[in-house]
Amino acid sequence: MSNTETNDVNGSPCAKRIKLSPDAQDTLRKVDEWLQPFRLSTEKLREVSARLRKDLIRGLGKHTHRRAPVKMLPTFVRATPDGTEKGDFLALDLGGTNFRVLHVRVVEEQQKVLKMDSKICAIPQEIMLGPGEQLFDHIAACLSEFLESLGLKDLTLPLGFTFSFPCEQKDIDKSILIRWTKGFNCSGVEGEDVVRLLREAIHRRGDYDISSVAMVNDTVGTMMSCGYRDQSCEIGMIIGTGTNACYMEEMKNVKRVEGEAGRMCINTEWGGFGDNGSLKDIQTEFDVEVDRSSLNPGVHTFEKMISGMYLGEVVRLVLIKLAQQNMLFGGKVSEALEKPDAFETRYISEIEEDVNGLDRAQKILTELELPAGPEDCEIVHLVCSTISTRSAELCAAALATIANRIRNNRGLDHLRTTVGVDGTVYKKHPMFSKRLHDTVKILAPKCDISFLVSEDGSGKGAAMVTAVAQRLAMQSRLLEDSEGEDEDEEEVEEEEEEEDN
């Protein structure tokens with residue numbers, strides 16, 4: 001069995017793994033041509049990148065922000081780690097029916113962020129739907145038990161708070177819940193500052209306290225968890241169930257926040273790219289159908305073309321259409337395949353495995369009650385490869401936009417930077433990361449980009465955000481104390497001269 005695969009940013013993935021009959025080879029060629037709408041030229045990817053660049057600027061604007069599809073949310077994280085951070089921190093990660101509390105230690109000498117201990121606490125259904133005060137009392141009680149078990153109750157530690165619900169962040173320690181999602185509907189929380197509600201719950205207990213609190217988006221946590229290991233990490237990217245990115249923007253360009261000095265991390269929310277129709281020319285009929293049948297039609301257009309929640313469904317719809325056109329499965333579609341989400345995104349990764357991919361394809365198709373001949377397996381492999389390649393290349397186009405922007409912002413001929421990255425699609429798919437890296441090199445030729453896989457962005461990353469915020473606060477206090485020192489000295493010298501005269 002030969003095993004060769006060619007793939008470039010302009011062309012299609014072409015696999016020749018088994019000896020097919022002339023008729024089967026002809027069908028494979030027809031399918032390859034039929035899949036052409038999923039293939040994006042380098043020129044088209046550059047166009048996509050240019051459109052995103054315009055949307056980034058709109059999102060940063062004071063007056064254009066509201067109607068911008070890419071929201072460019074200020075995070076109030078004003079620096080990445082510089083390697084001097086150290087100490088003990090708490091992290092709280094709330095985003096589903098369970099939440100985690102963690103004790104994290106930042107060790108300066110070893111340049112490491114260590115997860116010392118953690119605990120998962122369940123949130124019962126009645127608390128998810130009850131009064132907000134009850135929810136935060138429950139969180140405070142679990143945090144109390146965690147500190148008690150570690151003998152840390154007498155310490156007043158800083159806390160990083162990853163709160164994965166739609167919020168409008170007003171400051172590093174102030175975040176207003178816009179709406180509940182994920183099955184939560186606690187009264188009295190929407191429109192309120194969740195940090196204040198957590199502090200009030202802790203004060204009601206009175207048996208421990210926390211010091212500073214930093215609100216952390218999971219993408220920012222990804223960047224910061226990598227930033228301590230590599231101080232050139234200024235971009236965070238997630239490609240998993242969903243997709244998003246953040247990066248360090250010049251303050252002078254962040255029009256919605258006062259001040260022009262320094263930089264601030266911006267949570268792009270790039271999943272919304274295309275919500276204004278700007279990607280219609282590259283959306284296929286299958287992308288349109290995935291959007292139409294989703295829980296949020298018309299929203300997160302970009303995310304639906306590239307992230308793990310939707311890739312398997314795009315493949316499923318394509319397989320059905322190919323069968324209906326008599327190019328696959330002998331023209332038959334099983335009841336199992338007709339069920340929405342029946343073709344899981346993880347199947348794509350398994351089918352594209354270099355060694356056992358076609359064997360795995362055969363098993364998956366058999367489980368879906370479909371014919372699994374060599375020709376069918378090859379066609380399914382080709383479909384998976386084409387759609388996952390498009391995902392990697394679109395993601396690369398968006399990442400190139402950010403890298404090129406950072407380089408232009410700083411007036412550099414050449415930028416060296418690191419991307420902290422997380423997400424199952426990036427980490428589990430056998431070819432995704434290579435395709436993404438190769439395409440970014442083409443679309444951002446003046447940027448030398450390294451990639452670092454995040455270790456627990458919502459835990460260690462949250463602690464690093466808190467550590468950096470604390471370091472900056474201390475520097476700020478020191479600056480305030482010493483501000484105007486030179487002027488004071490000049491006044492003293494003038495007075496001395498007057499006295500001498």
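This dialogue walks through a few features of a predicted model.

User: What should I know about the model before I start?

Analyst: It is a predicted model, where local features need pLDDT of at least 70, side-chain atom pairs count only at pLDDT 80 or more, and totals for chains, interfaces and linings use all residues. Residues are numbered from 1 along each chain as its sequence is written, and side-chain values use heavy atoms, with hydrogens and water left out.

User: How do strands make a sheet, and in which order do the five strands of the open sheet lie?

Analyst: Strands of a sheet pair through backbone hydrogen bonds, either parallel or antiparallel. Strands (E, at least two residues) and helices (H or I, at least four) are DSSP runs, numbered from the N terminus. Two strands pair if DSSP finds at least two bridges between them. Here the order is β6-β5-β4-β7-β10, with mixed pairing. The edge strands, β6 (112-122) and β10 (210-216), each pair on one side only.

User: How do β4 and β5 pair?

Analyst: Strand β4 (residues 87-94) runs antiparallel to strand β5 (residues 98-107), over eight bridges. Asp93 faces Arg100 in β5 as its opposite residue.

User: What counts as an aromatic pair, and how many are there?

Analyst: Rings of Phe, Tyr and Trp (its six-membered ring) pair if their centres lie within 6.5 Å; planes under 30 degrees apart count as stacked, over 60 as edge-to-face and the rest as tilted. The count is 12 aromatic pairs. Phe161 and Phe163 make an edge-to-face pair, 5.5 Å centre to centre with 65° between the planes.

User: Is Phe161 buried or exposed?

Analyst: Buried means under 20% relative accessible area, exposed over 50%, partly exposed in between (1.4 Å probe, protein chains only). Phe161 counts as buried because its relative accessibility is 0%. Phe163 is buried too, at 6%.

User: Which charged end sits over the ring of Phe165?

Analyst: A charge sits over a ring if NZ of Lys or CZ of Arg is within 6 Å of the ring centre and within 35 degrees of the ring normal. At Phe165, it is the charged end of Lys182, 5.3 Å from the ring centre.

User: How many residues of strand β12 are buried?

Analyst: In β12 (residues 243-250), eight of eight residues are buried. Strand β11 (residues 233-239) joins β12 through five antiparallel bridges. A hairpin of three residues links β11 to β12. Ile239 stands opposite Thr243. β12 also pairs antiparallel with strand β13 (residues 263-267), over five bridges. There, Glu249 is opposite Met264.
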